[in-house]
Amino acid sequence: MGKTVLVVDDSVSMRQMVSFTLTGAGYEVVEAGDGKEAVDKLNGGAKPNLVITDLNMPNMDGISLIKAIRGMAPHKFTPILMLTTESSDAKKKEGQGAGATGWVVKPFNPEQMLATIKKVMPG
Amino acid sequence: MAVDLSQFQESFFTESAEHVETMETGFLELEERPEDLDLLNRIFRAAHSIKGNAGMFNFAEIAGLTHKMENVLDLMRNEEIPVTPHSVDVLLRSLDGLKSLLDAAQGAGEADQEIIQGLEKELQACQDGERGSEVSAAPSSAEETVAPQTAIWRLIKIDWIPLPELFQRGLDPAQLFKELHELGMIKDLQVQVDKIPSLEAMDPEVCYLSWKLELETDVSVDKVEAVFDFVRDGSELTITDCAPKQAEPYKRVGDILVEEGVVTPGEISDGLAKQKPLGEILVEEKKATPEQVDKALQKQKQQKKGEVASIRVDTEKIDKLINLVGELVITQSMLTDLGEKFTIDQLPVLQERIVQLERNTRELQERVMSIRMMPIGSAFHRFPRLVRDLSGKSGKQIQLVMSGEETELDKTLIEAIGDPLTHLVRNSADHGLEGPEERVAAGKPERGTVRLHAFHDGGNICIAVEDDGRGLNRDRILAKAIERGLIADGKTMSDDEIYQLIFRAGFSTAETITDVSGRGVGMDVVKRNIEGLGGSVSVQSTPGKGSKLTLKLPLTLAIIDGMTVRVGEDNYIIPLLTVTESIRPKSSDLQRIVGKGEVVNLRGEWVPLVRLYEVFNVTPEYTDPMQALLVIVEVENRRLAVLVDELTGQQQVVIKTLEQNYRKVEGVSGATILGDGQVALILDVPGLAKLARAEHTVAA
């Protein structure tokens, strides 16, 4: 069975691009437009093997989402990658503090993203 | 895996356009409420999204400029620098620069690099000037250079005590080792278990293990370090690089030649300078002319312009559509079932199912049409900025009030009304509203108001542009019309008739040509454009109180209200909007005038008569207008009497173009299929009038 990735981003073009790349690499993709939608999908029974989330989003931002996911028993250990444009370490620290597994710094190319996913995707 | 990102560029552009809009309205609001943090955050998020996505799609210039804007916005929202009229102005102009970059990226024109660089400097000044001489923020990642990689076999010693909450962050040490293994050979791996507590004290979610290992690899230490990127914080990690073996770096042919003393570096760069674009070489060799090459280059540029028109649709709308299609399928299968073993006593059931089918189809049609519907707000967004600029230039104080932005209409129409609306708003601001002194003298508030209001009216949408200015000047319009020879002197006219004169070609009352309006594109063009869309323009005005121009448009271009008429055995559709009345004339009303053909007297006005059967060469039931019927149509202030056998009804028709399937036919704008399966031609009334005129000129 293919591995499932939950992609959370408010930007449609980013979601399209990430989903396209992931689907092309054989992953199943579930999309959400913001943190709230992602939480709804997870509560609704989605069981992703990995979550990729943007940080800047309306309704519920990425950091709050990461915290929320870590508070859900079934997803406590699910790897979470955050997409960030911040080259500064502050945001990465904040994300790690919230429980993020890793990050992908924008701009990235699809190959970089897949390599990072491979890095944290449970075998 | 190579992925072509260009396929997502279109979404990027759509999205960016939305963000630009958010920023634009945001900046304008910011001028009024510089303290509003929510607003600043919203603008910041828009800028941030454009920057991030532009980087993804390799639009470095767009990312660069937005990055600078974002920096300024960031300092503003952190209250490190104040929001000043100057900084908002710089931001607004930067936004214009950003728009030009976005346009250029889509192949429409080129952005002026000097302007962009100027803007970036100004933004930098906003950022620094008010924050003191702090060094500017971290250089953008593009500037960071990476040392050339050279292949070195080395032994790397790694000593890693992971952070205890490793698992709680979704990390897995096994993954790390797998990754290291891909980089080279892992030798001498030792697990240290001494930190594991007794079973009672152990927290199963905490990592107590640590590792020591040696890796033999040909990759750089950086790559090995990168493996630990996500676990470095909180871990104790030592990576030691031992015994590297140097390998030769990759050399280019020029480097080798220089090293061997064959050529000097200067000769290499001279040689490189001689490398020419293909076009130039072809021209030199007389294989192509410079014009041909230029043309080809133009063509190459234009390729990028071939953008796909797309529409964003709410998933909700699509879900409903899918539901409906589902119902349609059910109805269809019920009908099939019924058809297989049909007996006449089941007729009521059949009829019931057909009614159901009809309902499904109608609903489906409505829903599909609604996909093309967009809120008109997107056509309104440009106006706050326009009005702001206008008030700046003219010294008038203008406030713009918009309402009904959520009113939906066809996307094509939204695009088409942009320019006419701009013209009307400009007119109101420029000609309609008075200067502050004049307003105060007239007992009005100093600040003039332009109102933009959209609303549904039956099957139409109305957009009103209203101002509280001086109103139309009856006498001046009249004088101008006489001067321009549009009407005869001494003719008595009602106020309304006089106001209508502003729509006549060659009419413009602006005595001084200002920067904003009065540049020759007059109201007649607005009227023509709107009528071209199947709509109409009307004007109301009260001297001293203001004027109001109302555009009335059909909701969509694909469906029109039509009057079905019959000529002989053929059916035709006349757009209902053009029909004013139908009459059966008396013989005394009919005349034949040399050079004008047949005319009919309509309450004192001679209206040209068109025999539809002659135009389309069919056999009618009646050729005598007194037995047949005359449909009076009006378009562009011109009336025409169309001779038909009979009016058969009135219905909504879906327009199918002829051009796509056949070719353009004069006097016909399209065709449609009637309820009984017959094809009916839809008459193009202006075309018909032209056709009639041409014939008579020839005949004369």
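Reader: Why are α15(B) and α16(B) called roughly parallel to each other?

Author: Helix α15 (residues 382-394) of chain B and helix α16 (residues 411-432) of chain B pack at an angle of about 30°. Angles under 35 degrees count as roughly parallel, over 145 as roughly antiparallel, 65 to 115 as roughly perpendicular and the rest as oblique. So α15(B) and α16(B) are roughly parallel. Their axes are 10 Å apart.

Reader: What kind of model is this, and how are its parts numbered?

Author: It is a predicted model: local features need pLDDT of at least 70, side-chain atom pairs count only at pLDDT 80 or more, and totals for chains, interfaces and linings use all residues. Residues are numbered from 1 along each chain as its sequence is written, while chains are lettered from A and ligands numbered from 1 in the order in which they are written.

Reader: What counts as a helix or strand, and what is an axis?

Author: Helices (H or I, at least four residues) and strands (E, at least two) are DSSP runs, numbered from the N terminus. Axes are lines fitted to C-alpha atoms, for helices over the stretch in contact. Angles run from 0 to 180 degrees between N-to-C directions.

Reader: Which hand does the crossing of α15(B) and α16(B) have?

Author: It is right-handed. A crossing is left-handed if the near helix is turned anticlockwise from the far one by less than a right angle, and right-handed if clockwise.

Reader: Which residues of α15(B) and α16(B) meet?

Author: On α15(B), they include Phe383(B), Leu386(B) and Leu390(B). On α16(B), Val425(B) and Ala429(B) are among them. Two residues are in contact if their C-beta atoms, placed from the backbone, lie within 7 Å. By class, this contact has six nonpolar, two polar and two charged residues. Here Ala, Val, Leu, Ile, Met, Phe, Trp, Tyr, Cys and Pro count as nonpolar, Asp, Glu, Lys and Arg as charged, and the others, Gly among them, as polar.

Reader: How do α1(B) and α4(B) run, roughly parallel or roughly antiparallel?

Author: Helix α4 (residues 85-105) of chain B packs against α1(B) at an angle of about 165°. That makes α1(B) roughly antiparallel to α4(B). The crossing is left-handed. Phe13(B), Val20(B) and Phe27(B) are among the contacting residues of α1(B), and Leu91(B) and Leu95(B) among those of α4(B). The contact has twelve nonpolar, one polar and three charged residues.

Reader: Why are α2(A) and α3(A) called roughly parallel to each other?

Author: The axes of α2 (residues 35-43) and α3 (residues 62-70) of chain A come within 9 Å and cross at roughly 20°. These helices are therefore roughly parallel. Their crossing is right-handed. Val39(A) and Leu42(A) of α2(A) are among the residues that meet α3(A), where Leu65(A) and Ile69(A) take part.

Reader: Why does Thr21(A) count as buried?

Author: A residue is buried if 20 or more other C-beta atoms lie within 10 Å of its own, exposed if 12 or fewer, and partly exposed in between; C-beta atoms are placed from the backbone. Thr21(A) has 21 such neighbours, so it is buried. It is found in α1 (residues 12-24) of chain A. Its C-alpha atom is 8.6 Å from that of Glu111(A), 90 residues apart along the chain.

Reader: How much of chain A is buried?

Author: Of its 123 residues, 49% count as buried. Chain A has five helices and five strands, in the pattern β-α-β-α-β-α-β-α-β-α.

Reader: What makes β6 and β10 of chain B edge strands?

Author: The open sheet has five strands in the order β6-β8-β9-β11-β10 (chain B), with mixed pairing. β6 (398-403) and β10 (536-542) of chain B each pair on one side only. The twist averages 15° from one strand to the next.

Reader: How do you know that β9(B) and β11(B) pair?

Author: Two strands pair if DSSP finds at least two bridges between them. β9 (residues 460-467) and β11 (residues 546-554) of chain B have seven, in the antiparallel sense. Val465(B) stands opposite Leu549(B) in β11(B). Helix α20 (residues 523-532) of chain B packs on the sheet, touching β10 and β11 of chain B.

Reader: Which helix gives the largest share of the side of chain B that touches chain A?

Author: α2(B), with eight residues. The contact takes 28 residues from chain B and 33 residues from chain A. The chain B side has ten nonpolar, ten polar and eight charged residues.
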